[in-house]
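Here are my notes on this model, point by point. Please keep the structure open while reading.

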Amino acid sequence: MRRLLLASLLLAAATGATARTEKPIKLLEAQAHAAQVREYLAETFAAAAGSSDPTSLRGKLADYAALPAGAADRVENLIEAARRTLAGGPATKRTPDAAIFRLDELADALFAAVDAAEVSARGARDSALEREFAEVRARGHLARYHARRIVAAMHYNLFLRGQRLAELVAATYAEKDAVTAWRQLTTLPASKEITEARHAELKKLEASYKDLEDQCCPPDEAIMREKVWQPVRVEKTAKSL
């Protein structure tokens, strides 16, 4: 009986060791994508907009749309992009369009990797690992949020410069998408301090969306039919920005 019990324990230990060997490898891929998100956002925005600290995210869309670029020599800020778009000039820096597509791509890759990591760790009941999964997922939702809000900010800046109500309407709809993306972030387990901060930021974003909605909605059908700005994917070349 003792031998049978010992054999069972050894088998369980071996299985656990195998799982522990596999888990870091799968999780590392997700964490690598999370690090890319952080780095990309640090280049796209100054003032730590890519930080996990939501107090740096500027609740009002007008404030977000005026954020300076992190790597200003290589990255076009949202005001510069709106000015260039209306003037019809060529881009000389990395554009908000590129940021939108790249952040979505990173979020897709991150979520796929962390999903695979969770499957491989199923049944492990490792609280430390669960925290890591939540932290990585938070970075993915942050990427989604910025991808959506950059769209809203571009529409908003184009409205300010061109005074076309259709762009304000488009900014309002995109802001709603950004709120939805941030709301996903609030569903993740986190410390009380972080959870409260995320919910506080959500209230600011909801207020921003409501303010935009009050200014423009419901719009006339003619306005809804007007052509508005859309992000354009540029094929990568050896000289791409």
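1. Terms first. Buried means under 20% relative accessible area, exposed means over 50%, and partly exposed lies in between (1.4 Å probe, protein chains only). At 21% relative accessibility, Val228 therefore counts as partly exposed.

2. Basis of the notes. This is a predicted model: local features need pLDDT of at least 70, side-chain atom pairs count only at pLDDT 80 or more, and totals for chains, interfaces and linings use all residues. Residues are numbered from 1 along each chain as its sequence is written, and side-chain values use heavy atoms, with hydrogens and water left out.

3. Surroundings of Val228. Val228 sits in the segment after helix 8 (221-224); helices here are DSSP runs (H or I, at least four residues), numbered from the N terminus. Leaving aside residues up to four places away in sequence, Val228 touches His155, Arg164, Ala166, Glu167 and Ala170. Contact means heavy atoms within 4.5 Å. Val228 and Leu158 are 70 residues apart in sequence, yet 9.3 Å apart in space, C-alpha to C-alpha.

4. Helix 5 against helix 6. Helix 5 (residues 127-162) and helix 6 (residues 165-185) pack at about 165 degrees, and their axes are 7 Å apart. Axes are lines fitted to C-alpha atoms over the stretch in contact, and angles run from 0 to 180 degrees between N-to-C directions. The two helices are therefore roughly antiparallel, a label for angles over 145 degrees. The residues of this contact divide into 17 nonpolar, three polar and six charged. Here Ala, Val, Leu, Ile, Met, Phe, Trp, Tyr, Cys and Pro count as nonpolar, Asp, Glu, Lys and Arg as charged, and the others, Gly among them, as polar.

5. Helix 6 against helix 7. Helix 6 and helix 7 pack at about 160 degrees, with axes 9 Å apart. Helix 6 and helix 7 are therefore roughly antiparallel too. Residues of helix 6 in the contact include Leu165, Leu168 and Trp182; those of helix 7 include Leu202, Leu205 and Tyr209. The contact residues divide into 12 nonpolar, three polar and seven charged.

6. The core. Which residues have the most contacts inside the largest nonpolar core? They are Tyr64, Tyr145 and Ile150, in a core of 59 residues. Such a core is a set of buried Ala, Val, Leu, Ile, Met, Phe, Trp, Tyr and Cys residues joined through side-chain atoms within 4.5 Å. Helix 5 gives the largest share, 16 residues. Ile150 touches residues including Phe45, Tyr64, Leu78 and Leu103, not counting residues up to four places away in sequence.

Definitions and conventions: Angles under 35 degrees count as roughly parallel, over 145 as roughly antiparallel, 65 to 115 as roughly perpendicular and the rest as oblique.
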